[in-house]
Amino acid sequence: MTCKASRAARLVSATLTLALVFVRAPGAAVAIGADDAAARFAAKELAELAVHPPTLTLAGAEDAQRFLVQATFTDGTTADVTTLVDVRTGDPSLLVVEGTRVIPRSDGATTLALAWRGRSVELPVTVAAAAATRPVSFRRDVMPVITKAGCNSGACHGSASGQDGFRMSLFGFDPDGDHFRITGQLASRRINLALPAESLLREKAIGAVPHTGGQRFAPGSALDQTLLAWLEATAPVDPPDIPRPVDLAIYPPRSVLEGAGSTQQLLVVARYSDGSDRDVTDLCAFFSSADSTAKPDSAGRVTAGQRGEAFVLARFATFTVGTPVIVLPVGLDYQRTALPETSFVDPLVHAKLDRLRILPSPGCDDATFLRRAWLDVVGLAPPADEARRFLADPSAGKRDALIDQLLARKEFSELWVMKFAELLQMRTDDNNRVSYKATLLYFHWLEDQIARNVPFDQMVRELLSASGGTFKSPAANYYQVERDTLKVSENVAQVFLGMRIQCAQCHNHPFDRWTMDDYYGFAAFFSQVGRKQGEDPRETIIFDSRGGEVTHPVGGRVMAPKFLGGATPDVAGKDRRRVMAEWLTAADNPWFARNLVNLVWVHFFGVGIVDPVDDVRVSNPPSNPDLLDELARRFIASNYDFKALVRAIGTSQAYQRSTTENPTNALDERNFSRALPRRVRAEVLLDVISSVTETPNKFPGLPLGARAVQIADGNVSNYFLATFGRASRATVCSCEVKMEPNLSQALHLLNGDATSRRIADGQVVAKLLAQGLSAAQVVEELWLRCLARAPTAAELERVLTQLPTALDAAVLQTALEDVFWALLNAKEFAFNH
Amino acid sequence: MTDRPLPRRRDFLRVGLGGALGLALADRFRLALLAQVAAPAVAGGAAVAAAVAKAQSVIHLFLPGGMAQQESFDPKQNAPAEYRGPYRAIDTKVSGLRFSEHFRQLAQVADRLMVVRTMSHGEAAHERGTQNLFTGYRPSPALQYPSFGSVVSHELGPRGALPPYVCIPSQPVIDAGSGYLSSAYGPFSLGSDPVNPNFEVQDLAPPAGLDEARQARRRALLDAVDRDFKAASRADEISAADVFYQRAYALLSSPEAKAAFDLKAEPEALRNEYGHNAAGQRLLLARRLAEAGVRWVTLTYGGWDHHDNIAQGFVGQARELDQALAALIRDLEARGKFDSTLVLVTTEFGRTPKINATAGRDHWPRCFSILMAGGGVKKGGWYGTSNATWTEPEDVALSIEEFAATVYHLVGIDAGKELLAPGNRPIEIVKGGRVVPELLA
């Protein structure tokens, strides 16, 4: 027997044209004529038909659940065809299909066969306890209603002080407290068990009485019915063993919608602690990272807008899940071309670009690559001689060879010492008694670790479980730089896992999975760090005090140490930090290696695969998860070999692209389809100016000629470094390093001592003239020094016409020094392009 | 100078997360560029807004730490002793409005001031309260909002050769920065404090020995070096850097603009009248900059976090503040600039009603005082009355959003306009505040 989805039934005899009109959102901008759409759709070849979720398990009379069917065409686009499929039920006595909803009738197991365009997929369905009803529950039923209606959002009663005298926990992090505030506070003013329908809680929500927040749902709506049922049941407290949601899944896993106005219904399924599952689509809050590209309505139907990629999220209970939606315009002229691939990263980058229909920019020229690689790998500009040699080298493998040659230099590790010194906040701090000596020893420890290429997991384990004096055991400074237990745990999460768990200090994280239980459970690993003064008053001894607990601010429970998103380990008799460090650096930690490869990646591309690098969260997913996974997998397999990772990146085509845009990638900044010009960071820019002008730097505590990247103490700075955005290391945030321009930077390079004085002090032009070089030769030499390339004929001519014709040597030197000054002020000089 | 608009990097819709690549958007961006290029240079694309703006410039004095309302602009002589605090209240020129005894000079110009006595918000931590007062938004974990100065910079652009937004002596807190807007709209920090006898703005003077001919040659050479690279690159990061070079050159080649930073040009008598201290000299320089065309000047003075012994900690700073602010009001009036210059004196919150165990007061955001004056603000009055113990407003409260909407109204910016935050997220300049008519002249 055949039964049809009721909405589909209306389309039994419909043409394909009508079907497409149907799937377009009502009221959405109609971007294309129906006939065009029909033609386009009909012309597509069906590649795959998929049903979600893979199985349905209906338990209990109320447990109706929906399915969805997604078609994928051979061109990679997808369509929601749920309402178009033919539905055949194997055993129709077990269930009823109403619309897209499957309603249990009697116990047993069967399958639904779902067919469209000659293809069919099967959906196994199990029905159990079909006759059983379950009592209405506050946690299971009412809390989702409150969250869905927005009552406990931050702008309403979820705010710290509530609204109009009524407070609820933000997004429901404290259901027991909410139950009390609803039923117990103000002597049952909020509910009326004698006349449940006249409870103030309900009357406010349905707008029956004046409510600052307006009507939240209509009387008689499903949300209202749930609330009323609970009130009629005398607003019971849940039994302690009430099943709790433990996981949330969103379907479909990805969508590629073609044309503004096309839609895709989402489906969200929660799994509970008793093993049951539940269709919670109607109870979720939906939001999108880019409404203009993919906008979900409150029922979870996504409507396509402008071309782009969006991440659509659903929140239920303490969980947030998301699914990517790519939107492409109709009739895009795109041909995938065979692209050169020189590293394992390339096929992964290209696969994503192909999904977005983006063609990457061509490779950059040798001079651009040379300068880019030097600046990125070792933080230096290539010397003029080196530039000459490289540019003249005809060998095919010279770029790979250059990367290897640079990786062998000590400046490579120095650059990473600087970056990690930022993350570890290496700076003197009188308040926390971090002396200059301790800072220096800490910095040297880091230098030694990185110079010896100590596998990174090993280094972090040593760091996070360090004990002893901050002089004798410098890694122990980690617990001296920051002494607040909560802050330490936040920093560990942000630096080593790339995630900000701060929100969960006060309430469950609204856009991520972290709850207050997770937050305080993780903080408990750091609650037993003991500190006492050493013999030298500048030294602190860090030790495992074996005492001290973290308590939950709601209810004051002592929190057992718990891994983020993981188990509660046995810490009895152990240093909690060591247990945590083992988990954090384990190969199967989902974040540790990914975070590290992303930190490296962003250095070479200016934008991370997850961006910003220290804001990993469900609602900020990686732009290319496959790429991130593979980088991490290989990084672990290589025993955390930094150099191998940098080699894979540096030799890739993705890294070697030009900055030239094409029409398909002009607005792409997240998928590595072209090189993004990056301002050279403060320390490197100062070091490059120092080396090309042959004027040594002098920083306090460092020998003459030390480079800015070698500064151990974040508090040692100068006007140049501060103005160009060097991190002060006051926080671990990646946002401390500023790369954006401002007026002070321009004034400093125009008038400040970084240019004119250094040119005068270094006497580079005088030295070159003394070698007998002509004016044109000096210009060329300066060009190679500053920009790693020779000037073009046009540039040379433009410059030479500005030079004096008189042969007075002093006048010529001054004029050539002005050329030098101009090069130091050139945009090409300040940018890695 | 040509006021080329800053490329709005974050206005771009990106292809990655939150991106979109529709042609429509690229077009919109270019149209915005063209509109700004086409606008008269001086108006900076804000000709329409400027026509309705009462305040041509804003001087925003922020008092970090949270100044006690009880010891400043909202004393209550009859409050219970454990609430009242150590100082007497004095009458001002406005009947019914009283100040603490350490604000005698301001009391004499109170008929020019609008005292908001019921500023109210819910943030009792310094950094959160500060963000409220600098951005008009409650803090969000997900988004750093731009400061008033940065929004003004973004919306109105520079006027003449001076930067639109200046911080004296430098940007005090991250909240005074550009937030989700490009940091190109951040403040210009002087890098030097006007109270310093050798005060000189960093890098404003050319290097010694560089005559005008060489300066001109350098500029020509820079153009020769830059031309092809700039032409080949459409990246907005590069154009933004270049825009600042243009602005730097405009500033350096304008004697009037440079003179605005020259505090020595002020008569010594006036410098004395403001007071030779950080409050006086910073405010005097702020007035010079505002008069010369800077749209928004932010400065800070003192530290007002008086948890302990408020009687002693408060008085010295209060007197300097009193002298400097009163001098500013008189000076603006004398120059005929009072009505076109908005003066704001804010602080992150007030202090607890009851004197605490260490003879100080703690944080209290529910009801505290700020000052507004000039620039289209009603003269000689107050807004709101605090209850008998300052715990709550007795009548009307002024919310952060209302304060922000009113300030933007005065400078001619539509507070309901949406700016684009990263991820193509439209964010209103002010979320839901109304312009408060009682504050307007």
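Predicted model: local features only at pLDDT ≥ 70, side-chain atom pairs only at ≥ 80, totals over all residues.
**Exercise 1. Determine whether strand S20 of chain A is buried on one face or on both, and identify its partners.**

Step 1. Strand S20 covers residues 308-316 of chain A; nine of its nine residues are buried, so the strand is largely enclosed by the rest of the structure.

Step 2. Side chains in a regular strand alternate between the two faces of the sheet. Sort the residues accordingly: Gly308(A), Ala310(A), Val312(A), Ala314(A) and Phe316(A) lie on one side, while Glu309(A), Phe311(A), Leu313(A) and Arg315(A) lie on the other. Both sets are buried, and both faces are therefore covered, as a residue counts as buried when 20 or more other C-beta atoms lie within 10 Å of its own.

Step 3. Strand S17 (residues 285-288) of chain A runs antiparallel to S20(A) and is joined to it by four bridges. Within this pair, Val312(A) in S20(A) has Ser288(A) opposite.

Step 4. Strand S21 (residues 319-328) of chain A also pairs with S20(A) in the antiparallel sense, over eight bridges. Here Gly308(A) has Val327(A) in S21(A) as its bridge partner.

Step 5. S20(A) and S21(A) form a hairpin with two residues between the strands, where Ala317(A) takes a positive phi near 50°.

**Exercise 2. Describe the side of chain A that touches chain B.**

Step 1. Chain A gives 60 residues to the contact and chain B gives 57 residues.

Step 2. At least two residues each come from S20, helix H24 (743-751), helix H28 (793-800), helix H29 (809-825) and helix H30 (827-830) of chain A. H24(A) has the largest share, eight residues.

Step 3. Sorted by class, this side of chain A has 24 nonpolar, 22 polar and 14 charged residues.

**Exercise 3. Check the length of helix H19 of chain A and describe its surroundings.**

Step 1. H19(A) has 14 residues (592-605), which at 1.5 Å a residue should span 20 Å. The C-alpha atoms at its ends are 20 Å apart, in agreement.

Step 2. Twelve of the 14 residues are buried, and the helix is mostly covered. Among the buried residues are Phe592(A), Arg594(A), Trp601(A) and Phe605(A).

Step 3. Helices that the buried residues of H19(A) pack against include H9 (366-378), H14 (456-464) and H20 (625-637) of chain A.

Step 4. Just after H19(A), Gly606(A) takes a positive phi of about 80°.

**Exercise 4. Is Arg366(B) buried or exposed, and what does it touch?**

Step 1. Arg366(B) sits in the loop between strand S11 (363-364) and strand S12 (368-373) of chain B.

Step 2. Within 10 Å there are 21 other C-beta atoms; the cut-off for a buried residue is 20 or more, so Arg366(B) is buried.

Step 3. Leaving out residues up to four places away in sequence, Arg366(B) touches Ser120(B), Thr391(B) and Glu392(B). Gly350(B) is 16 residues from Arg366(B) in sequence, with a C-alpha to C-alpha distance of 7.9 Å.

Technical notes:
Residues numbered from 1 in each chain as written. Chains lettered and ligands numbered in written order. Pairing = 2+ DSSP bridges. Contact = placed C-beta atoms within 7 Å. Nonpolar A, V, L, I, M, F, W, Y, C, P; charged D, E, K, R; others polar. Expected span 1.5 Å × (residues − 1).
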